[in-house]
Amino acid sequence: MALVSLALSVLGAGAAVAAPPGFPASGNGLWYSEPAVNWSTQYLPIGNGYLGAMINGNPVSDRIQLNIESLWSGGPFADPSYNGGNHQPSEQSYLASQLTRIRNTIFTSSNGTAQGVEPLPIDAGAYGSYSGAGYLNINRTASGSQTNYARWLDMDNAVLKTTWTEPTGSFNRTYFCSNPTRACTVHTVSSIPGGFSATFSFSSLDGLPTRNITCLDTNTIQLRGYAASPGMIYEILGKVQQSGLANSSAGCVVDAKSGDAMLVAKGSTEVWVDWVGGTEYSMETGNAASGYTFKGADPHAGLVALLAKASGQNVPTGLATHIADYRSALGGFSLNIGQGFDTIKTTAQLRKEYKTDIGNPYFEWLMFNYGRYMLVGSTRSYLPANLQGVWARDAGAPWSGDYHANINIQMNYWFAEMTNMKVTSALWDYMAKTWAPRGAETAKTLYNSTRGWVTHNEMNVFGHTGMKDLVGWNPAEWANYPESAAWMMMHVYDHFDYTNDVVWWRAQGWPLLKGVALFWLDHLIEDQRFKDGTLVTAPCNSPEQAIITLGCSHSQQLVWQLFEAVEKGFGASSDNDTAFLHEVQTKKLKLDKGIRIGSWGQLQEWKPDFDRQTDLHRHLSHLIGLYPGYVLTNFKAPTGQNQGIPKLTREQVLKASEISLRARGDGTGPDGDAGWEKVWRAACWAQLQNSTQFYHILTYAIERNFAENLWSLYNPYADDPIFQIDANLGYPAAVLNALVQAPDTSSLSDALTITLLPALPSAWGSGSIVGARIRGGMTLDLTWSNGKAVTASLKVDPVVRYARQVQLWYGGKLVTAFSATAGLKRNFDF
């Protein structure tokens, strides 16, 4: 694996051999005895959602790589005619006829397939990419070799530290990004009065247009440029402050050689730089009334105000505010899996020694907390976490650093509700303001639907809702995915189900859900191939599979869950449109449910039986109803006629799911080598209550796809592996699914089954959970020892919209059943 581990020559023999002083006593952190060299495998992240930074911690040349969450090339800033990847409205009738032709081809062909979906895809135009913003460089001349070097990430407090010693004294550097101030800070303290001098300079990225770096005032540096040529404006402001001896100083000067401004500190005891950044991007103008310009105010005035506020408070005050805010965002949840704090080995050593199946509970616990740390650091701002959270190194990010919606953005948020994290508001705003407006145009023009809205697999920040084409490829394989918004509605409904926030549901959640459901009411078509009277999706591709056919199991299961979310959420919506509800209920009965058992006992991926036992495809799309969905997990055999549910038992469905999951392999196939595919498999094995397979795949994912900085890597053996955040954020969800399960149900009247320790691996023999959220407005605490549950408590919120009937299961047995009425508290001893 290309995990670079190079010690800089400036470091002496006195490198850290134990966790450094100041490292969290809980052990909740990552620590290293060498500066970072490789961005994707060694640098460490900080962020506040609005800004991100990656840091190498070099005492003499500290590189802080900068990100601004809305800094994108492309869109209307690059091309005023950019229209979100949509066809022209004048093509609507033609496209409708072509959609009919494609469907007829599928229905009448010998094998139920079509060769392509042209002309539905269209060139993406000025799609653009998420972009890095440059570097803040801290350069200085050392007084000699450094000893006692350490850098660490404190995940109790969301603070990064670097410490070292030189002949003239010791140095302590702190980095953090505060959400309340929308600013980041780097603060260096010398143990010797007047012992620190350095320059702080901005440098741009290759691929970005030439930028201007000037002095805004005597203490403030300004970087101002464009994301592309042409492109949106971005700006970063940094202010230096210092304290020290009488002759110490810090200010902004212009370098005579380069002509760029820089901040210079001389003879200081402590120096700190606060920085803020922003762009002219705005979702508020991403609609027809504003011409889809996505252009807001010039960021300068707002940044000046933000910087004044951030720099107006001293570092201890700003740090205390940041820590309190970060802990609040974590929601009071905590996990213990019996980990022991290893005070001797660096995180890099722990990673190097980590082995599949053997594992290491401490390292696995760190991975869990790291996922939560990263989600907090890349959310609670204006935009949701993208493929790289908020951290991108280059001017063009892998896969554009966009929002892939056939697994990736969903996985980013899988664990958010259950761990009570306050991180989803930007996700709802993003969908409402960039997906829905243009998505309604896509529904009308591309699919001849006058109701609702639709999106496809890849979305940028400019409302790209059309089906992307790429010359030389089969676009249907990855772009024919109108189900993306339907999958995201699982998250919308889950947020309501966990929180019982009726005000939010009525204002934002229900309108999103209804809009997507309206599209699917129009888009479903009666099956003219099997002629069984069911409604199917056609044409469909099981995500990133090449076959173009009808009734893909993934599609059918998603629409089934979508319609049931409408049924469950209608009563609280204050919507009087009963005709809409009736149409959903009627079409749900006719809907093909996407559940059938194939020729080798597998759960079929498509309505025609195309499944191959040798298919190791990375996606588990036909198992979406197993995890993260529920229509496989909580399958109910039909009890009467006209329910549209296959005549199978739950045991048969789960067995077929297991056969499919086993055949799909370990997530290392010929089509890719990503962490997310393994994490998804681990979650599915947990759902099947197979602790051995769960832990095998989880530990295999860690050994193969995670770097020494714990980042998830795509193709980890490459010379420069790609960072993808999805596995980092999917990992906590998989872990939780082994410890507590409470999947959704088809109806609010169905009993909600809570299963304790369904797939507990022997390596986690003792532990506890505090503050886990359970749908229906409940909070769970749980302890276990020697592989057995000891105590559990359930508390129901003071206000719930519906008192769920709950069944508590442990060890394959029903412990108790009760009604989760508001304010109820129940304690259990095992």
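At 33% relative accessibility, N715 counts as partly exposed; buried means under 20% relative accessible area, exposed means over 50%, and partly exposed is in between, with a 1.4 Å probe and protein chains only.

Okay, some ground rules. This is a predicted model, where local features need pLDDT of at least 70, side-chain atom pairs count only at pLDDT 80 or more, and totals for chains, interfaces and linings use all residues. Residues are numbered from 1 along each chain as its sequence is written, and side-chain values use heavy atoms, with hydrogens and water left out.

Next, F294. Phi here is near 55°. That is positive, and F294 is a residue other than glycine. Look in the loop between β15 (261–279) and α2 (300–311). Is F294 buried or exposed? Buried, with a relative accessible area of 0%.

Now the cis peptide bonds. Which residue is joined to P230 by one? S229, with omega about -5°. P230 sits in the loop between β13 (220–226) and β14 (233–254).

Then A538 and P539. A cis peptide bond joins them, and omega is about -5°. P539 belongs to the loop between β21 (535–536) and α11 (553–570).

Definitions and conventions:
Helix = DSSP H or I, 4+ residues; strand = E, 2+ residues; numbered from the N terminus.
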